[in-house]
Amino acid sequence: MRRAVRPVLGLSMFLLSLSLSCDEQLPLYAEPNFIFEASLSGFYAHSLSDNALKIYLTVKNIYHETFQEEALLQGELLVTSVRDSALQRRFTLSFAEVIEGPGYNRRTGVLTMEPGATVRLGVSWDFVDDRGEDLRYDFFKYVEDPACPSRCLAMPEEFTAKAFVLLYDRTGQVSAPPISLQVCYVFAYVGSPCSSAITIPPCNDRWSLTGRVCRPQRGA
């Protein structure tokens, strides 16, 4: 059984105990209501070796004390299409998704969160939803890139992401405010002699392209 998470009070609690008379007792410790805050961020990565939506969850200790305990680290991240809410991808968050956590000891499982410290988790979505639908072929709408006929440019698509995580078993879950992510998907990566495709939102110029409809071939 895990012991309850408590801030490491250290010297301050020791000095407080000395200031009390023999008849006085320390006040009962109460967990602070607001300990951690979470935020989401993300971007679409398009390169020779990667073509996916990257989403990151950052959790920060906003309390004025240090927390140190065996971590539970359980959570969930959900991505949903704005155009079709039935299109979703749900990720389970665990220790495997930790990509940056200076206070996390993978050997012992202990997570130390000093004031202002953060732990960052990340997922990479390949655009296949929970039903197995591949958005690259079944959802995105493409036009041919007039500057590079062998490349298909998808119309901008908007997704929302939301997430929650539980760092310790006694502190309660922390939720991140939902964010909106606009994706300018490109199928596929084409190098020289074609110039790099614009993938930075809002990529509204694609609506004005007069190129032909582009239909990516499966397995390409």
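Here is a short walk through a predicted model, with stops at its confidence scores and at two residues. Residues are numbered from 1 along each chain as its sequence is written, and side-chain values use heavy atoms, with hydrogens and water left out. Because this is a predicted model, local features need pLDDT of at least 70 and side-chain atom pairs count only at pLDDT 80 or more, while totals for chains, interfaces and linings use all residues.

Let's start with confidence. The average pLDDT (the predictor's confidence in each residue, from 0 to 100) is 86 for the protein, and 83% of the residues score at least 70. Residues 8–22 stay under 50, and the model gives them ten contacts (heavy atoms within 4.5 Å) beyond four places in sequence. Residues 26–30 are also below 50, with six contacts beyond near neighbours in sequence.

Now find Thr80, in strand S5, residues 74–81. Strands here are DSSP runs of E, at least two residues, and helices are runs of H or I, at least four, numbered from the N terminus. Thr80 has a relative accessible area of 12%, so it counts as buried (under 20%; exposed is over 50% and partly exposed in between, with a 1.4 Å probe and protein chains only). Set aside the neighbours within four places in sequence, and Thr80 touches Ser85, Leu87, Gln88, Glu158, Phe159 and Thr160. With Gln88 there is a side-chain to side-chain polar contact at 3.5 Å (a pair of N or O atoms within 3.5 Å, one able to donate a hydrogen and the other to accept it; residues adjacent in sequence count only if both atoms are side-chain atoms).

Gly132 sits in the loop between strand S9 (118–125) and helix H2 (135–138). Its relative accessibility is 51%, so Gly132 is exposed. From Gly132 to Arg89 is 43 residues in sequence, but 9.6 Å in space, C-alpha to C-alpha.
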